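Let's go through a model together, one feature at a time. Have the coordinates open while we talk.

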Amino acid sequence: MPKQTINILQITDMHLFADIKRDLLGVVTYDSFRAVVKHATKTLTKYSPQLIVLSGDLSQDDSEDAYSHLLNTISHFPQPIAWMPGNHDKPKLMEQVFAHSRLTHDKHFILGNWQIILLDTHWPNHVSGQLSAKQLHFLDNTLSNSKQHALIFLHHHVLPLHTDWLDPLNLQNNQAFLAILDKHSWVRGVVCGHVHQDSSIERKGIPFISTPSTCIQFKPLSRDFALDSQMPGYRYLHLEADGSLHTTLYRLEADKQFLPDMQSQGY
Ligand SMILES: [Fe+2]
């Protein structure tokens, strides 16, 4: 890997509870999250990431304790840690709990030849997402001010994944988002969580990437709600000085404690 490569570690969709013993469809989310963090910690020396991004659904029960468990679990990471809310989160509560933590509230980072932009797609009382006028303006304005290669993180998926039950739960004003991207040819990638699966779809030369959750996985290409037996995971994004981008996906080794109840009909 070239010396000037920028590496970003993305961890997503932890769905933590106040009660660390609670499970989501058979997976104790605190345990699977801790296992992912332990695994990722071993890769830090290999990649020396400049930034860690937590891309939403950090909590399942909107509790202060869930966010505190998160902070305690990642407190040993020396890197800046950025975050955005998912549909399961309470953004105001997150801001309060994270205010005096080592998590950064910055949503725009300059790293080498790149700029990283984090967007908030939380839409109160909806599972699907929406970018407010303020968020759309922030994106447009930030991209207009700098032509550095841009990588965008948001919780919700933008393009259909052909997972029929999940596709209507995407970013609802995706056309407004895509119209801004089309104005700025230096956007190099869009990365999300939310869909609990590994995917990459290309639109106009830009990869739209989703990353597995640290707990349960949703089965790709399923018509109705279906879980996948794939293990929890996380992703590294490798950003090259010339604007090219590639990624490395890691999953935990097979372990039945992280296998959900495959008969579940929904959550
Ligand atoms: Fe999620």
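What follows is a short chat about a sheet, a metal site and some backbone angles.

Q: Before we start, what am I looking at?
A: This is a predicted model, where local features need pLDDT of at least 70, side-chain atom pairs count only at pLDDT 80 or more, and totals for chains, interfaces and linings use all residues. Residues are numbered from 1 along each chain as its sequence is written, and side-chain values use heavy atoms, with hydrogens and water left out.

Q: What is the strand order in the open sheet?
A: Strands (E, at least two residues) and helices (H or I, at least four) are DSSP runs numbered from the N terminus, and two strands pair if DSSP finds at least two bridges between them. Here, five strands form an open sheet in the order S5-S4-S1-S14-S15, with mixed pairing. Strands S5 (81-83) and S15 (245-251) stand at the edges with a single partner strand each, so one side of each has no neighbour in the sheet.

Q: How do S4 and S5 run, and how many bridges join them?
A: They run parallel, and three bridges join S4 (residues 51-54) to S5. Leu54 has Trp83 in S5 as its bridge partner.

Q: Which protein atoms hold the iron ion?
A: Donors are N, O and S atoms within 2.8 Å of the metal (3.2 Å for Na, K and Ca); water is not among the atoms, so sites may look incomplete. For the iron ion, the protein donors are Asp13 (OD), His15 (NE2), Asp57 (OD) and His196 (NE2), at 2.1 to 2.3 Å. Asp13 sits in the loop between S1 and strand S2 (23-24) and Asp57 in the loop between S4 and helix H2 (64-74), so this pair ties together parts 44 residues apart in sequence.

Q: Is Asp13 buried or exposed?
A: Buried means under 20% relative accessible area, exposed over 50%, and partly exposed in between (1.4 Å probe, protein chains only). Asp13 is buried at 0%, and Asp57 is buried at 1%.

Q: What is phi of Asn125?
A: Phi of Asn125 is near 65°, a positive value in a non-glycine residue, and Asn125 is exposed at 81% relative accessibility. His194 also has a positive phi, near 70°, but His194 is buried at 5%.
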